[in-house]
Amino acid sequence: MYIKNMHLSHYRNYEKLSMNAFGNVNLILGRNAQGKTNLLEALFVLALTKSHRTSKDKELIAFGQDHAVITAEVDKRLGNVGLELRLSGQGKRAKINGMEQRKLSNFIGCLNVVMFAPEDLEIVKGSPGIRRRFLDMEIGQVQPSYLYHLQQYQKILVQRNNLLKQSWGASSDMTTMLEIWNEQLAEHGVKIVIKRKQFIKKLQKWAQHIHHGITGGQEQLKLSYLPTFGEAEEEDEAVLLRQFMIKLSQMKDQEIRRGLTLSGPHRDDVSFYINGNEAQVYGSQGQQRTTALSLKLAEIELINEEIGEYPILLLDDVLSELDQDRQTQLIETFQSKVQTFITATGIESINQSRLKDAIIFHVQEGQVSL
């Protein structure tokens, strides 16, 4: 997979921008707050139809404008694909080779990206919400049906929480309505949990091998999914559905008191173990960073395994966060097989001896030059 060009219109601080000279490795240099990250974000948005930085699409549209457009031509294994995403107050409109798509799920997956930003170092030591977002973003790229179930689950969750907030006294009508929401929540929730567990297994296969190599064979990495209902290894849909319904029934009184749904994939977590010890608690900062790096490199291989070609790698100001050994490991991984876009404040923060034939772009106040 290779991005041949990208065009932006009214996107963030870019009024009009055309970039037509991409290479295998693309360095985007400039001071802070000039628009470097906006370029990588635009590619991310084109891939997933949402930003990794904000949930509000209006923030992606230039001030004073009513829409933004991102287009790119992508060279894929089966041929060239033209992608266009239009953002406005009326929602998103996506086109593939000029043909508008009725569902965004048909558009997601046409471009696959792996983003590695400084905040991704928090995947290991940060809050459970960061890890759930990591899972949702990555699974959604290779399995668009996952996004459908996630969206349905989130809509039902809001309705169920609203009902719980109104449920002091627990009338029979409320109980009947809660049972209806329980069934719908469990239907979609179980599918989310199963896909997450399957993804974790595949990710561990690659991450374990990569982590072993980075640490010179000194560390074994293990990933574990931590569900709020059922067993971690259980993947039978009927069994999990029954277990989720039982859990919801058991938690009913507590949830009514708190006005909140207390179990389900929206509260699940992932743990990382290094040589049997929990990395979030006992890992050094270096071990935590190595674990995050292993996960990102594993993502690249997993996507290739799933779709038959490598994704685009987006490195947003992350190389300066890594020491020389981890920089070398990362660069050697993408150098020969993955088209990569790297942002940095200066070239001195990058191990230049490892980069070959990189194209360098300079960004200043929303203007890009070679």
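**Figure 1. Overall fold of the protein.** The protein contains 10 helices and 15 strands, where helices (H or I, at least four residues) and strands (E, at least two) are DSSP runs numbered from the N terminus. Its radius of gyration, taken over C-alpha atoms, is 22 Å, close to the 21 Å that the globule rule (2.2 Å times the number of residues to the power 0.38) gives for 370 residues, so the protein is as compact as a globular protein of that length. This is a predicted model, in which local features need pLDDT of at least 70 and side-chain atom pairs count only at pLDDT 80 or more, while totals for chains, interfaces and linings use all residues. Residues are numbered from 1 along each chain as its sequence is written, and side-chain values use heavy atoms, with hydrogens and water left out.

**Figure 2. Helix 4 and helix 5.** The axes of helix 4 (residues 144–165) and helix 5 (residues 172–214) come within 9 Å and cross at roughly 150°; axes are lines fitted to C-alpha atoms over the stretch in contact, and angles run from 0 to 180 degrees between N-to-C directions. The two helices are therefore roughly antiparallel to each other (angles over 145 degrees).

**Figure 3. Burial of helix 10.** Within helix 10 (residues 324–334), the buried residues are Arg326, Gln327, Thr328, Leu330, Ile331, Thr333 and Phe334; buried means under 20% relative accessible area (1.4 Å probe, protein chains only). The elements that cover these residues include strand 3 (25–29), strand 8 (113–116), helix 9 (285–307), strand 12 (312–316) and strand 13 (340–344). Across the protein, buried residues make up 52% of the 370 residues.

Notes
Parallel < 35°, antiparallel > 145°, perpendicular 65-115°, else oblique. Buried < 20%, exposed > 50% of the residue type's maximum accessible area, 1.4 Å probe, protein only. Contact = heavy atoms within 4.5 Å.
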